[in-house]
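I opened this entry to keep track of what I looked up. Short notes follow, in the order I took them.

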Amino acid sequence: MLTNYLNYLNFINNKLNKFFISQKPYIFCKKGCSKCCKNAKYFYSKIEFEYLSAGLKLLNSEEKQIIINNINNLKQEKKAGSNKNFVYECPLLINDSCSVYDYRGIICRTFGLMTAYNDGSIKIPFCAYNNLNYSNVIDTENEKISVEKFKKLNIKEEPLAFNISYEYLTDSDFEKLFNFQFGEKKPLFNWLIDYSKRKSAVSCDTRLCI
Ligand code: SF4
Ligand code: SF4
């Protein structure tokens, strides 16, 4: 099943890479920029988390310890209840880099592009308001792409939004096409908590355990 998921992931990755290339004049992602990993819920399906776990197992003990500490801090934060909606900095972020980059889930691969929804609405990445992606074409007051700014840039590539919502990318049509199942979907933090509990019940040598 994981092999089939990897075929799907490969397919999606190729599409996303093409989208990123076509949007190059508007993309300002660079190493060390990790704002997109610091304030969300990060929904993951069961199979995505299964693949991510393979990446977690490859981390060294120091990295695992940092992640354990991050998760423990988040647990405290959640318990304190001050963060009602419970959006958080991803505990897998170490020194502003994703510790499991090659194993990251679908939503993490879409960060930075504009999303188009079926109802015709468009989501501009939040970092456009932080002088990052699409900031050179955004009309911040109206929260829209400015045709005027685009024209002033005098470039061929238009700023485009793509059908890359999590709902669409995890649609059952992809399950049928690639013969696998996404399974349950929930925030990454919840998966990590369940994973650590499950691991604590077994042995404790190379695993991420809390
Ligand atoms: S898994 Fe990696 S890319 Fe995804 S939110 Fe966490 S640190 Fe960021
Ligand atoms: S999507 Fe935005 S916040 Fe994330 S790395 Fe790119 S520029 Fe930075």
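**Asp171 and its surroundings**

I began with Asp171, which counts as partly exposed because it has 13 C-beta neighbours inside 10 Å. I kept in mind that this is a predicted model. Asp171 is placed in the loop between helix H6 (166-169) and helix H7 (172-178). I then took a distance to Asp194, which is 23 residues away along the chain. The two C-alpha atoms are separated by 24 Å.

**The whole chain**

I counted secondary structure next and found 8 helices and 9 strands in the protein chain. The radius of gyration is 19 Å, close to the 17 Å from the globule rule for 210 residues, so the chain is as compact as a globular protein of that length. I noted the span of the C-alpha trace along its principal axes as about 60 × 40 × 30 Å. Of the 210 residues, 23% count as buried. I also looked at contacts between residues at least 6 apart in sequence. Of these, 71% join residues at least 24 apart.

**Helix H2**

H2 covers residues 46-57, which makes 12 residues. From first C-alpha to last I read 17 Å, close to the 16 Å expected at 1.5 Å a residue. Which residues of H2 are buried? They are Ile47, Glu48, Phe49, Leu52 and Leu56. I wrote a reminder beside that list: an α-helix has 3.6 residues a turn, so residues three or four places apart point the same way.

**Nonpolar cores**

I turned to the largest nonpolar core, which holds 21 residues. Tyr44, Leu52, Leu188 and Trp191 touch the most other members. H2, helix H4 (106-110) and helix H8 (188-200) each supply at least two residues of this core. H8 gives the largest share, 5 residues. A second, separate core has 11 residues, including Tyr26, Leu113, Met114 and Val137. In soluble globular proteins, nonpolar side chains tend to be buried together.

Neighbours within four places in sequence aside, Leu188 is in contact with Tyr42, Tyr44 and Cys90.

**The two ligand shells**

Which residues are around ligand 1? I listed Cys37, Tyr42, Cys90, Leu92, Leu93, Cys98, Val100, Arg104 and Cys108. By class, this shell has 8 nonpolar, no polar and 1 charged residues. Tyr42 and Cys90 were already in my notes as contacts of Leu188.

Around ligand 2 I found Phe28, Cys29, Cys33, Lys35, Cys36, Phe111, Gly112, Pro125, Cys127, Leu132 and Asn133. I sorted this shell into 8 nonpolar, 2 polar and 1 charged.

**Positive phi at two asparagines**

I checked Asn131 for its backbone angle. Phi of Asn131 is near 60°, a positive value in a residue other than glycine. Asn131 is in the loop between strand S5 (122-123) and strand S6 (138-139). Is Asn131 buried or exposed? Asn131 is exposed, because 10 other C-beta atoms lie within 10 Å, and the limit for exposed is 12 or fewer.

Asn154 is not a glycine, yet its phi is positive, at about 55°. I placed Asn154 in the loop between helix H5 (147-153) and strand S8 (161-162). With 6 other C-beta atoms within 10 Å, Asn154 is exposed.

Technical notes
Residues numbered from 1 in each chain as written. Chains lettered and ligands numbered in written order. Predicted model: local features only at pLDDT ≥ 70, side-chain atom pairs only at ≥ 80, totals over all residues. Helix = DSSP H or I, 4+ residues; strand = E, 2+ residues; numbered from the N terminus. Expected span 1.5 Å × (residues − 1). Buried ≥ 20, exposed ≤ 12 C-beta atoms within 10 Å, placed from the backbone. Rg over C-alpha atoms; globule rule 2.2 N^0.38 Å. Contact = placed C-beta atoms within 7 Å. Near = placed C-beta within 6 Å. Nonpolar A, V, L, I, M, F, W, Y, C, P; charged D, E, K, R; others polar. Core = buried A, V, L, I, M, F, W, Y, C linked by C-beta atoms within 7 Å.
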